[in-house]
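Q: I have a model open and want to go through how it is put together. Can we start with the helix packing?

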Amino acid sequence: MNIYGLNSNGKFGEFGGQYVAETLMPALLELEKVFYESIEDDSFQSQYRAILRDYVGRPSPLYYARRLSEYCGGAQIWLKREDLNHTGAHKINNTVGQALLARKMGKKRLIAETGAGMHGVATATVAALFGMTCDVYMGAEDIRRQAQNVERMKMLGANLIGVELKSGTATLKDAMNEALRNWVATVENTFYVIGTAAGPHPYPAMVKAFQSVIGEEAKSQLKAACGRLPSQVVACVGGGSNAIGMFAPFIDEPSVALYGAEAAGDGIDTGRHAASLSGGSVGVLHGNKTYLLQDEYGQISDTHSVSAGLDYPGVGPEHSYMKSTGRANYIPIDDAQAVDAFQKLCRLEGIIPALESSHAVALAMVNAKKLSKDDIIVVCLSGRGDKDMDSVLEYLKKNA
Ligand SMILES: Cc1ncc(COP(=O)(O)O)c(C=O)c1O
């Protein structure tokens, strides 16, 4: 497995690590051991691959977006259709893997944090599949703006724990705080299914391993269709799981440029954004050292994005590392660009994308115009947009 730059103490360069309460260390060490054993184990891999094939519906298609490409007038834009997975996003690739590890470790209760609700739905789904109980932590603001996913989680049998406004914005960061707090108290019987490539080691490496299927499939599908590598791959970056999964098999291909689209909200200059790599500085949050949005005292700043899944003040440590080495480029995309890309994909391709994924589409549209028709951009279309209809309508009404 390619864990780019990961060293033996669980860090990518200076980023990552295990900045957690003493009580969690035995659980993290056990998890690390089980993860490394399992990922090399043929029987674990065949169980994981079988569920991805028969239940999730993989491989997801790689689709040439002809009309969108023609509209942009430059490079060919291809979409990796993670929106077509069971439950409607890439999140299920990771929850299947982590639930298999939980089962192997004898844990009967799953907990998860969620922002847009897609990771909560994907965790509730695997809990039902494996006969486990499931508690999902979600900020009150996200419960309001992602109401459809709240009902889906309940329907699937999960218990939803709303995180009210104690401090901050009652979004993803606050949900993750509460989930970590609960895990400290319940670690004996509980497996914490983290939904993004952040958190303490081994989570970033583990989430990458389970999401790498996105990039691996895209690479071989493009080779079969066009006989070559893309010029660029593009993905949105919240905590960074779909992006790291998409980037993974291309990291060692120097001819392929890697682009992450961060949520610039109202614009980096306004301070109302969630672009940790473009507008943040290095600090520690949720067990790892990474780029964060924080004030001069290290207090985490409030974030804003039209997209709940990108509304997070940190980012996975491997992205911080790839920013520092220059291997990947992270570009801010604001709410207006994302909503415009959302509408373009609806009208030009008949696909309603998630608002998170719309940030990646918007960046691909910007980049495509600077390239030629021989260039290929592969975009991770990380999820579908049914959950975002209310947010988009509200945005359009406000900005009419
Ligand atoms: C569809 C979709 N894409 C992307 C993200 C962002 O997460 P990540 O950066 O971990 O891929 C989310 C998070 O909720 C999501 O629901």
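Q: Which residues in α2 meet which residues in α4?
A: F44, Q47, Y48, I51, L52 and V56 in α2 meet I92, N93, V96, G97 and L100 in α4. Two residues are in contact if their C-beta atoms, placed from the backbone, lie within 7 Å. Helices (H or I, at least four residues) and strands (E, at least two) are DSSP runs, numbered from the N terminus.

Q: And what classes do the residues of that contact of α2 with α4 fall into?
A: Eight are nonpolar, three polar and no residue is charged. Ala, Val, Leu, Ile, Met, Phe, Trp, Tyr, Cys and Pro count as nonpolar, Asp, Glu, Lys and Arg as charged, and the others, Gly among them, as polar.

Q: Before I go on, what kind of model is this, and how are residues numbered?
A: This is a predicted model, where local features need pLDDT of at least 70 and side-chain atom pairs count only at pLDDT 80 or more, while totals for chains, interfaces and linings use all residues. Residues are numbered from 1 along each chain as its sequence is written.

Q: Back to the pair. At what angle do the axes of α2 and α4 cross?
A: Roughly 140°, with the axes of α2 (residues 42-56) and α4 (residues 91-104) coming within 10 Å. Axes are lines fitted to C-alpha atoms, for helices over the stretch in contact, and angles run from 0 to 180 degrees between N-to-C directions. α2 and α4 are therefore oblique to each other; angles under 35 degrees count as roughly parallel, over 145 as roughly antiparallel, 65 to 115 as roughly perpendicular and the rest as oblique.

Q: Is the crossing of α2 and α4 left-handed or right-handed?
A: α2 passes α4 in a right-handed crossing. A crossing is left-handed if the near helix is turned anticlockwise from the far one by less than a right angle, and right-handed if clockwise.

Q: What about α4 and α9, at what angle do they pack?
A: About 115°, with the axes of α4 and α9 8 Å apart, and that crossing is right-handed. N93, N94 and G97 of α4 make the contact with V207, F210 and Q211 of α9. By class, two residues there are nonpolar, four are polar and no residue is charged.

Q: And how do α14 and α15 cross?
A: The axes of α14 (residues 335-349) and α15 come within 8 Å and cross at roughly 90°. That makes α14 roughly perpendicular to α15. On the α14 side the contact is made by Q337, A338, D340, A341, F342 and L345, and on the α15 side by L355, S358, H359, V361, A362 and M365. These residues divide into eight nonpolar, three polar and one charged.

Q: Switching to domains. How is the protein divided?
A: Into domain 1 (21-52 + 91-207) and domain 2 (53-88 + 212-398), with bounds that come from an automatic or database domain assignment. Taken over C-alpha atoms, 22 Å separate the centres of domain 1 and domain 2. The contact takes 34 residues from domain 1 and 37 residues from domain 2.

Q: Which elements give two or more residues to the domain 1 side?
A: They are α2, α4, α5, α6 (140-145), α7 (147-155), α8 (172-186) and α9 (203-211). The residues of that side divide into 17 nonpolar, 13 polar and four charged.

Q: Now the ligand. Which residues come nearest?
A: T196, G238, S241, G309 and G383, out of the 21 residues around the ligand. A residue is near a molecule or strand if its C-beta atom, placed from the backbone, lies within 6 Å of it.

Q: Which element gives the most to that shell?
A: α11, with three residues. At least three residues of the shell come from each of domain 1 and domain 2. By class, the shell has eight nonpolar, 12 polar and one charged.

Q: Last one: where are the cis peptide bonds?
A: One joins R58 and P59, with omega about 0°, and P59 is in the loop between α2 and β3 (62-64). Another joins H201 and P202, with omega about 15°.
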